[in-house]
Amino acid sequence: NSSSGVGIVHNVSWQQHSLQDDWLAAIKELEFNKFLSAIGRILMPNIYDNPAYSLAHRFLNSLRWYGDAANDKNKSARIVKFTVAIETLLLTGVLKDRAKTRIFAQRGQALFTGLEKAEDGQAMRDFEWLYDIRSDIVHGRKRHVAVTMSDVVKAERLCRHSLFYAIQLFEQIRFDNEEKLESTFDRLIKVNSG
């Protein structure tokens, strides 16, 4: 709302939420105020209504997928939608199917690690796990009844952290500079691998 600023509405079911017990400390650690501030800038008409700000629109598209996933009752659909939200942030250009999982995992780890050598490959393993379970669901190798709430919680956590880190990265690159995204990921991956 241009006259009064950005209004944020949220609803958390304390009986069915998937936030960890220390969720408030976790979002403070991720600098949630900067996250909201960046979203506020994206929603201003000079960016929101301008197609030149492709990274801003990419981020909002990802945020919509996250919202769809969070509201879906079907556990399998939630995992697929959380993965699509992350794909929107990480994948660029045309990729061959075999390379997608590797690139998804490398870029996910790079997003989490930044300009540091990745000492622990846990983030990469988590992103590989997510892309594999998504593929198993989509291609019918994993039955819907085999998807657990623990799987959904893990996928949501990865997606939520990806959104927090991606908006910071996109802001640094500049929201109107999408052509720099792929080279930025290449540089981060090179640093991460030492």
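The model is a predicted one, and its chain holds nine helices and zero strands, so that the order of elements read along the sequence is α-α-α-α-α-α-α-α-α. Of the 194 residues of the chain, 42% count as buried, and among the contacts between residues at least 6 apart in sequence, 67% join residues at least 24 apart.

Helix H9, which spans residues 181-192, comprises twelve residues and extends 16 Å from its first C-alpha to its last, close to the 16 Å expected at 1.5 Å a residue. Buried positions within H9 are Leu181, Thr184, Phe185, Leu188, Ile189 and Asn192; because these residues cover an arc of only 135° around the axis, they lie on the same side of H9. Just after H9, glycine 194 adopts a positive phi of about 85°.

The packing of two helices is described by the angle between their axes and the distance between the axes. For helix H8 (residues 149-173) and H9, the axes come within 11 Å and cross at roughly 115°; since angles of 65 to 115 degrees count as roughly perpendicular, H8 and H9 are therefore roughly perpendicular to each other. The crossing of H8 and H9 is right-handed, and the contact is made by Leu169, Phe170 and Ile173 on the H8 side and by Leu181, Thr184, Phe185 and Leu188 on the H9 side.

Note on methods:
Residues numbered from 1 in each chain as written. Predicted model: local features only at pLDDT ≥ 70, side-chain atom pairs only at ≥ 80, totals over all residues. Heavy atoms only, no water. Helix = DSSP H or I, 4+ residues; strand = E, 2+ residues; numbered from the N terminus. Expected span 1.5 Å × (residues − 1). Buried < 20%, exposed > 50% of the residue type's maximum accessible area, 1.4 Å probe, protein only. Arc of directions from axis to C-beta. Axes fitted to C-alpha atoms, helices over the stretch in contact; angles between N-to-C directions. Parallel < 35°, antiparallel > 145°, perpendicular 65-115°, else oblique. Left-handed = near helix turned anticlockwise from the far one by under 90°. Contact = heavy atoms within 4.5 Å.
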